[in-house]
Amino acid sequence: MPNLTLILLAAGSSSRFELGVKKQWLRVGSQPLWQFVAGKCEKTKHFSKIIITSSADDIEFMKQYADYTFVEGGATRQESLKNSIKEVNTEFVLVSDIARSCISNEFLNNIISHIGKSDCIVPYLKVTDTIVYDDKTIDRDRVKRVQTPQLSLTAALKSALLQKEEFTDESSAIVANGGKREFILGEESAHKITHIEDLKKLTCLAPPSNDTLSGVGFDVHAFDTKGDMYLGGVKIDSEYGFIAHSDGDVAIHALIDALLGAAGMGDIGMMFPDNSDLYKDIDSKELLKKVVTKLRNFGFVIVNVDITIAAEKPRIGNYKSLMRKTLSTILNIESQRVNIKATTTEKLGFIGRGEGVGVIANANLKYFDWTKI
């Protein structure tokens with residue numbers, strides 16, 4: 001069994017990426033970027049364990065994709081590393097960033113071939129441009145562009161991370177703690193994704209799959225003799241409200257389930273528990289906005305939705321146009337891609353007896369196509 005653990009850092013918010021989609025959720029085929037990178041590393045058979053750091057918002061969804069060790073990251077790269085290194089029980093640890101996504105096997109093998117030769121093995125690139133620092137030209141041969149992955153003696157890295165100072169890479173922390181590092185020549189193709197334009201520099205990434213992902217949602221709510229009625233984000237003129245923890249908008253609830261279903265993200269009850277005071281009497285449009293943001297962050301694009309409202313009462317024909325406009329604004333799609341249908345159950349069942357409303361919704365998603373930006 002290899003005496004080496006891999007830590008892949010993927011807990012960042014992608015704030016510098018300025019795309020709405022977190023870069024770790026860009027798709028390579030149907031795989032999110034983090035899974036693509038982890039899978040490439042796993043195939044080398046170098047590692048006894050692969051640890052992936054993730055934000056609290058992402059971690060449960062990541063677990064649906066692969067059976068790695070997932071650790072909740074922190075507010076900084078160093079905090080994430082501190083959290084994940086607690087799970088390391090091998091003598092050596094290799095730390096890399098998911099954004100460093102096109103590392104070749106040759107580059108990885110070269111780093112690992114130096115295992116044990118220093119407290120930290122650090123790949124670097126030479127600087128070919130003139131370098132000016134504080135208005136003075138300095139010797140570019142003394143400047144190194146440091147890369148990851150970096151290979152460390154686990155004990156040395158754990159000790160170094162106890163320092164209060166923040167460091168931008170492992171080797172700097174180890175050296176500041178009295179350890180030693182050895183530099184080896186890195187690889188230009190191991191470019192890091194920081195900004196949108198960096199994607200054009202990476203040739204190892206296949207475009208996202210053209211698959212259409214479909215989900216279905218179903219919900220019912222019984223009438224309440226008090227309160228206002230909301231359907232499809234619109235207030236309905238009715239003597240009834242709905243018995244519900246939130247505002248009871250059964251159409252939006254079914255739509256949320258359809259969207260989450262298409263993305264493989266579970267259901268509305270998992271995301272917005274009905275025993276939480278956070279969602280007591282909440283406007284369901286606000287819940288839908290949160291879902292839309294999450295879908296965008298995780299690399300999905302909404303194609304269209306189709307909603308069927310089954311009710312003997314109230315009559316909603318006059319509200320359908322406003323529902324389409326309201327929902328299309330939240331979903332950020334054209335109104336013609338939001339279809340609203342109304343039907344009855346021919347006096348059958350609880351809906352036919354006028355006791356409540358049932359809704360079935362369908363939603364279709366595509367993967368965000370980063371090749372077209």
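Let's start with leucine 365: it counts as buried because its relative accessibility is 0%. Buried here means under 20% relative accessible area, with exposed over 50% and partly exposed in between, using a 1.4 Å probe and protein chains only.

A word on the model. It is predicted, so local features need pLDDT of at least 70 and side-chain atom pairs count only at pLDDT 80 or more, while totals for chains, interfaces and linings use all residues. Residues are numbered from 1 along each chain as its sequence is written, and side-chain values use heavy atoms, with hydrogens and water left out.

Back to leucine 365. It sits in strand E19, residues 356-367. Strands are DSSP runs (E, at least two residues), helices likewise (H or I, at least four), numbered from the N terminus. What does leucine 365 touch, beyond residues up to four places away in sequence? The list includes Asp211, Leu213, Leu259, Ala262, Phe300 and Val303. Contact means heavy atoms within 4.5 Å.

Now the cores. A nonpolar core is a set of buried Ala, Val, Leu, Ile, Met, Phe, Trp, Tyr and Cys residues joined through side-chain atoms within 4.5 Å. The largest has 96 residues. Ile52, Leu259, Leu288, Phe300 and Leu331 have the most contacts inside it. Helix H7, residues 250-263, supplies the largest share, eleven residues. A second, separate core has 17 residues, among them Leu9, Val88, Val93 and Phe167.

Take isoleucine 52. Leaving aside neighbours within four places in sequence, its contacts include Leu8, Trp34, Met62, Tyr68 and Phe70.

A cavity is a set of points on a 1 Å grid over the protein atoms alone, where a 1.4 Å probe fits but cannot get out; lining residues have an atom within 4 Å of a point. Points are joined across faces, edges and corners, and volume is the space filled by probe spheres set on them.

How many cavities reach 30 Å³ or more? Two. Helices H1 (33-43) and H4 (105-112) each give two or more residues. H1 gives the most, three.

The second largest cavity holds about 40 Å³. Arg77, Gln78, Leu81, Leu161, Phe167, Asp169 and Glu170 line it. Helix H3, residues 77-85, gives the most, three residues. Phe167, then, is in this lining and also in the second core.

Methods: 1 Å grid on protein atoms, 1.4 Å probe; cavity = no way out; pocket = protein on both sides within 12 Å on 5 of 7 lines; lining within 4 Å.
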